Amino acid sequence: MPQLTDLLFYAFAGLTLLFGFLCVANPLSRNPVTSAMFLVLTIISMAGLFVLLHAFFLAAVQILVYAGAVMVLFLFVIMLLDLKEEERRKLNAIAVGLGSVAVLGLAGVLLRALIQAKPVIAAGTQPVEGSTKELGRILFQSYLLPFEILSILLLVAMVGVILLSKKELK
Amino acid sequence: MQPGLPHYLAVSALLFSLGLLGVIARRSLLVMYMSLELMLNAANLALVAFSRFNQNLNGQVMVFFIITVAAAEVAVGLALIVALFRKRQTSHVEDLASLKL
């Protein structure tokens, strides 16, 4: 009798891959807004996988930052640019064919390596919990300097974006 | 069959391949950018799975950093796309073949 969490894994994994496929290669629509919406669904299913991996804080951050902030930014830009023309364009058949071959090759190599790999993790050990408390302790003790550098990176990105969006680039 | 580390890594590998397919096959800059996000997310999933099954939380801190850097990257990249669109009135990579604006 399979456990509920196992079934949930297969459900979330299937949904993640299905929505991911519909995001990049939707057979019905090539509208960027459709892609963006399916990317939101992919990210939410992936947050479900994070919960199954007991990474609760990261699941929350994934939904807040990706599905919230980043995708709103994407949709905002899509609607700002008015990309009607994208739907009328034909796909380059040679590029799609060769690209699919390359991607299938990469997926085959990765999966073959996974199948051949020997598991090194002992079955009985207790896996870690990704609680906010533990994560915060590590983040502010071992990783304090990278954390501060990240805040500077965000500031630099903000200044850069403001400069880029000015009317005249000099 | 109980899902273990290989199952999560397989999902991650397939998702990464899907993102790569999007970057190669789609010709709109914005959709290519979304596919890049998909590939970053696939890497995140692999890191979280490793972190869970190796009893080591450092992987999750790494994912935290990756999400932050990805957010900054998206902001700068979209600003670049908007600036490019203003100059050339297109976001289609095949129309953007010349180096000079």
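This is a predicted model: local features need pLDDT of at least 70, side-chain atom pairs count only at pLDDT 80 or more; totals for chains, interfaces and linings use all residues.
1. **α7 of chain A against α3 of chain B.** Helix α7(A) packs on helix α3 (residues 58-88) of chain B. The axes are 9 Å apart, and the angle is about 10°. Angles under 35 degrees count as roughly parallel, so α7(A) is roughly parallel to α3(B).

2. **Who touches whom there.** From α7(A) come A:Pro146, A:Phe147, A:Leu150, A:Leu153, A:Leu154, A:Ala157, A:Val161 and A:Leu164. Their partners in α3(B) include B:Phe64, B:Phe65, B:Thr68, B:Val69 and B:Leu80. Several alanines also take part on the α3(B) side, among them B:Ala72, B:Ala75, B:Ala79 and B:Ala83. By class, this contact counts 17 nonpolar residues, one polar residue and no charged ones.

3. **α3 of chain A against α2 of chain B.** Here helix α3 (residues 56-81) of chain A meets helix α2 (residues 29-53) of chain B. The angle is about 175°, with the axes 12 Å apart. The two helices are therefore roughly antiparallel.

4. **Residues in that second contact.** Chain A supplies A:Leu58, A:Gln62, A:Tyr66, A:Phe74, A:Val77, A:Ile78 and A:Leu81. Chain B supplies B:Leu30, B:Tyr33, B:Met34, B:Glu37, B:Leu40, B:Asn41 and B:Val48. The tally for α3(A) with α2(B) is 11 nonpolar, two polar and one charged.

5. **The salt bridge.** How many salt bridges are there over all chains? The count is one. A:Glu134 pairs with A:Arg137, and their closest N and O atoms are 3.5 Å apart. Side chains of opposite charge can pair when their charged atoms come close. Both residues sit in helix α6 (residues 132-141) of chain A. They are three residues apart, which means a separation of about one helical turn.

6. **The surface patch.** Which residues make the nonpolar surface patch of about 400 Å²? They are A:Leu155, A:Met158, A:Val159 and A:Ile162. A:Met158 lies in helix α7 (residues 144-164) of chain A. That helix, α7(A), also packs with α3(B), as in point 1.

Definitions and conventions
Residues are numbered from 1 along each chain as its sequence is written. Chains are lettered from A and ligands numbered from 1 in the order in which they are written. Side-chain values use heavy atoms; hydrogens and water are left out. Patches are made of residues with over 30% relative accessible area and no salt bridge: like charges are joined within 9 Å, nonpolar side chains (Val, Leu, Ile, Met, Phe, Trp, Tyr) within 5 Å. Accessible areas come from the Shrake-Rupley method with a 1.4 Å probe; for residues, only the protein chains shown count as cover. A salt bridge is a side-chain nitrogen of Lys or Arg within 4 Å of a carboxyl oxygen of Asp or Glu. Helices (H or I, at least four residues) and strands (E, at least two) are DSSP runs, numbered from the N terminus. Axes are lines fitted to C-alpha atoms, for helices over the stretch in contact, and angles run from 0 to 180 degrees between N-to-C directions. Angles under 35 degrees count as roughly parallel, over 145 as roughly antiparallel, 65 to 115 as roughly perpendicular and the rest as oblique. Contact means heavy atoms within 4.5 Å. Ala, Val, Leu, Ile, Met, Phe, Trp, Tyr, Cys and Pro count as nonpolar, Asp, Glu, Lys and Arg as charged, and the others, Gly among them, as polar.
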